[in-house]
Amino acid sequence: MFAAKELDVFDLVALSGAHGVGRVRCRFTNGNSAMDPTYANDLRTECSGNPDKLVNQTDRSPGGDPDMMDNQYFKNIAKFVLFKSDATLISNATTRKQVNDNAANPDKWYKDFEAAMVKMGNIGVMTSPVAGLAEIRDVCWRVNGIY
Ligand code: HEM
């Protein structure tokens, strides 16, 4: 899917580091079968069967902070990340190397992340509205014409 948008495997790994920040609904937290069993158990308790409850990303290992965009995510793989797409990044030699590089060298990863974000931001940019189908937003986070 990334390739279809002209993002390569390098971009995929760099961008996945965004999963070091933010929250996830419980319904999406059981995809990583390599997860540390204690962590998996804690998550089940925290979620208490509520699929819409939010849990933190990357707050498990020492220094992990779900409100900080840092490279903790790459140090957490694979036992302490939430998605299969995260854990999978160490199952292939190429992506594993990049994961380890990013874990060891946050400044390099920040630069790679910036570049990949710019690439992603340029995907399918609309330059004029398509009547009845799409609009250019006046404010990026809301559709036009409301409040
Ligand atoms: C590899 C493909 C990806 C998959 C399968 C994936 C999957 C997910 C899922 C399932 C969630 C939880 C959503 C929810 O509970 O509502 C999530 C959250 C998030 N994702 Fe991804 N994601 C991917 C790529 C990315 C990329 C490329 C970025 C940005 C560069 C990103 C940034 C985030 C962030 C920041 C959150 C937390 C959102 C919040 O706190 O509100 N993800 N992702």
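These exercises, each with a worked solution, go through a few features of a predicted model.

Residues are numbered from 1 along each chain as its sequence is written, and side-chain values use heavy atoms, with hydrogens and water left out. Because the model is predicted, local features need pLDDT of at least 70 and side-chain atom pairs count only at pLDDT 80 or more, while totals for chains, interfaces and linings use all residues.

**Exercise 1.** Find which residues of helix α2 are buried, and work out how they are arranged around the helix axis.

Solution. Begin with the limits of the helix, which spans residues 37-47; helices are DSSP runs of H or I with at least four residues, strands are runs of E with at least two, and both are numbered from the N terminus. Next, apply the burial classes, in which buried means under 20% relative accessible area, exposed over 50%, and partly exposed in between (1.4 Å probe, protein chains only). The buried residues of α2 are then Y39, A40, L43 and C47. Seen down the helix axis, these residues fall within an arc of 100° (taken from the directions from the axis to the C-beta atoms), so they line one face of α2. An α-helix has 3.6 residues a turn, so residues three or four places apart point the same way. The face turned away from the buried side carries the exposed residues P37 and T45. Finally, look for the cover: strand β2 (54-56) is included in what covers the buried residues of α2, where contact means heavy atoms within 4.5 Å.

**Exercise 2.** Locate the disulfide and describe which parts of the chain it links.

Solution. A disulfide is a pair of cysteine sulfur atoms within 2.5 Å, and a search of the whole structure finds one. The disulfide joins C26 to C47, with an S to S distance of 2.0 Å. The two cysteines lie in distant parts of the chain, 21 residues apart, with C26 in the loop between β1 (23-25) and α2, and C47 in helix α2. The angle about the S-S bond is -85°, and the link is left-handed. As for accessibility, C26 is buried because its relative accessible area is 8%, and C47 is buried at 7%. C140, in turn, counts as exposed because its relative accessibility is 66%.

**Exercise 3.** Decide whether D36 is buried or exposed, and name what D36 touches.

Solution. D36 is found in the loop between β1 and α2. At 17% relative accessibility, D36 counts as buried. Leaving out residues up to four places away in sequence, D36 touches K79 and F80.
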